[in-house]
Amino acid sequence: MKPRRRRVRAFLLVYYEQYRANAEREFRLFLDDLGTEYTLTIINNNLKLATSFPHDIVGDNRNREFTGWDNGISDLGVIKADEFFLFANDTFCAHRPWHKNYQGRFKAAFRNAILRDEASITGEIDAVWSPFSIAGKRTDQWVSTYLFGLTGQALLDLGSRLSLSEEALQSMVHSISGTTINWGPQIDDSLRQHLQRWMFPDDGNAGWYNSGQGDDQSNLGKLRCILNEKYISAAVKDNGGKLVGLPANSVRMFVSEAAKKVIKFALTCIRRS
């Protein structure tokens, strides 16, 4: 029996005027290509833009996109386990590659995820060398939340919400002063070191693209947002769900295999000489 393609509940969160129009156009084209029934909710998370463009609901920017998306989830009413939930912010096609190969990998991942029965989160997976613990949940991988999907069961297991409470976020990181982060006890040393390097890289070339540009309060908000992102994946795993990444880059695989053959041939020639 052929698996049933679930309906997709899609949410696009808009905050920046300069990204809004292109993000909406690209996201609609992306959803059309998935080949399944979907609904799209556009969430305006910037009150300054509240009347300047068509949107479905006004969000909540207290915890940036996560509280905004939560408003969209709440607006649906009932969350169904047999539906698929797709989330994007308005920078998903602005700050990262968005060429056909990259889009194709996301589409393939989401088309497969739509057919899944088990709880899972799907998107681009990032990882660190050693596992870390966040609020008692342990992982060494997480799904980036600029564009990601959750099965209905995974979302239900998260309590039908993406954002941690303000109290939980405050307990994880208390404050930032310059490049000094005042951590709470729920974040272990491994994750602290990783995020310190990402927020305030020594060489200025690695980490966050906006590193060093914001004030202490905006940096604190960004760091709490990053912690929320990692917590979602850690919680999905802790609940028995799976982290599902994008299929391999076929171009990169081809180049890698070609390079291996060249190296093998060169070594063979050296041995014969």
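This is a short chat about a predicted model of a protein chain.

Biologist: What should I know about the model before we start?
Modeller: It is predicted: local features need pLDDT of at least 70, side-chain atom pairs count only at pLDDT 80 or more, and totals for chains, interfaces and linings use all residues. Residues are numbered from 1 along each chain as its sequence is written, and side-chain values use heavy atoms, with hydrogens and water left out.

Biologist: How many helices and strands are in the protein chain?
Modeller: Eight helices and nine strands. These are DSSP runs numbered from the N terminus: helices are H or I with at least four residues, strands are E with at least two.

Biologist: Which strand runs alongside β1?
Modeller: Strand β2. The two are parallel, and seven bridges join them. Strands pair if DSSP finds at least two bridges between them. Phe11 has Thr41 of β2 as its bridge partner.

Biologist: And what does β2 pair with besides that?
Modeller: Strand β3, residues 57-58, also in the parallel sense, over two bridges. There, Ile43 stands opposite Ile57.

Biologist: Is β2 enclosed or open, and why?
Modeller: Largely enclosed by the rest of the structure, because five of its seven residues are buried. Buried means under 20% relative accessible area, with a 1.4 Å probe and protein chains only.

Biologist: New topic. Where is His194?
Modeller: In helix α6, residues 189-199. His194 is buried, at a relative accessible area of 16%.

Biologist: Which residues does His194 contact?
Modeller: Val128, Trp142 and Lys230, leaving aside neighbours within four places in sequence. Contact means heavy atoms within 4.5 Å.

Key:
Buried < 20%, exposed > 50% of the residue type's maximum accessible area, 1.4 Å probe, protein only.
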